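Colleague: Could you walk me through this model before I set anything up with it?
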Amino acid sequence: GWQAKYDLGVRYLSEGNYQEAIIAFTAAIEIDPKRAEAFLGRGDTYEKLVDLGRAAADYRVALELEPNATAGRALADGSRSGAPNDSGFRGAGRDEH
């Protein structure tokens, strides 16, 4: 059922098996497309694969399904992943001078 597929996706994601995680989360979404958690999980997986377009699309669906429960999470994910990149860009700029 949905929970088994979702749990499998979470496990694969934590193990770094991103392609398997996408398959599991997608299966969960097909079973119950109204549950935001699977879209968040698949979005997190796409983010790990640096497929940011698909990650953003899944986060948008999750926000539409559960605006209150997912708004903070999606925004937190975006700011957390952006912070190291911002400092990295500053560092690269400094090296040029």
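Modeller: Accessible areas here come from the Shrake-Rupley method with a 1.4 Å probe, and for residues only the protein chains shown count as cover. On that basis the accessible surface of the protein comes to about 6,100 Å², of which 54% belongs to carbon and sulfur atoms. This is a predicted model, where local features need pLDDT of at least 70 and side-chain atom pairs count only at pLDDT 80 or more, while totals for chains, interfaces and linings use all residues. Residues are numbered from 1 along each chain as its sequence is written, and side-chain values use heavy atoms, with hydrogens and water left out.

Colleague: What is the average pLDDT, then?
Modeller: The average for the protein is 80, and 70% of the residues score at least 70, pLDDT being the predictor's confidence in each residue, from 0 to 100.

Colleague: And where does pLDDT stay under 50?
Modeller: That happens over residues 79-97, for which the model has one contact beyond four places in sequence, a contact meaning heavy atoms within 4.5 Å.

Colleague: OK, secondary structure: how many helices and strands?
Modeller: There are five helices and zero strands, giving the pattern α-α-α-α-α along the sequence. Helices (H or I, at least four residues) and strands (E, at least two) are DSSP runs, numbered from the N terminus.

Colleague: What should helix H1 span, and what does the model give?
Modeller: Helix H1 covers residues 2-15, and its 14 residues should span 20 Å at 1.5 Å a residue, which agrees with the 20 Å between its end C-alpha atoms; the expected span is 1.5 Å times one less than the number of residues. Just after H1, Gly16 takes a positive phi of about 85°.

Colleague: Which residues of H1 are buried?
Modeller: They are Trp2, Tyr6, Gly9, Tyr12 and Leu13, where buried means under 20% relative accessible area, exposed over 50%, and partly exposed in between (1.4 Å probe, protein chains only). Seen down the helix axis, these buried residues of H1 fall within an arc of 125°, so they line one face of the helix; the arc is that of the directions from the helix axis to the C-beta atoms. As background, an α-helix has 3.6 residues a turn, so residues three or four places apart point the same way.

Colleague: What does that face pack against?
Modeller: The buried residues of H1 pack against helix H2 (18-31) and helix H3 (36-48).

Colleague: Switching to H3, how many of its residues are buried?
Modeller: H3 is mostly covered, with 10 of its 13 residues buried, including Phe39, Leu40, Arg42 and Asp44.

Colleague: Why does Arg42 count as buried?
Modeller: Arg42 counts as buried because its relative accessibility is 14%. Not counting residues up to four places away in sequence, Arg42 touches Ile22, Phe25, Thr26, Ile29 and Asp58.

Colleague: And Ile29, buried or exposed?
Modeller: Ile29, which is found in helix H2, counts as buried at 10% relative accessibility. Apart from neighbours within four places in sequence, Ile29 is in contact with Ala38, Phe39 and Arg42, and its C-alpha atom is separated by 8.6 Å from that of Tyr6, 23 residues apart along the chain.

Colleague: Where is Val50, and what is its backbone doing?
Modeller: Val50 sits in the loop between H3 and H4, and has a positive phi of about 55° although it is not a glycine. At 63% relative accessibility, Val50 counts as exposed.

Colleague: Last one: where does Glu66 lie?
Modeller: Glu66 lies in the loop between helix H4 (52-65) and helix H5 (67-96), and counts as partly exposed at 28% relative accessibility. Glu66 and Arg35 are 31 residues apart in sequence and 8.3 Å apart in space, C-alpha to C-alpha.
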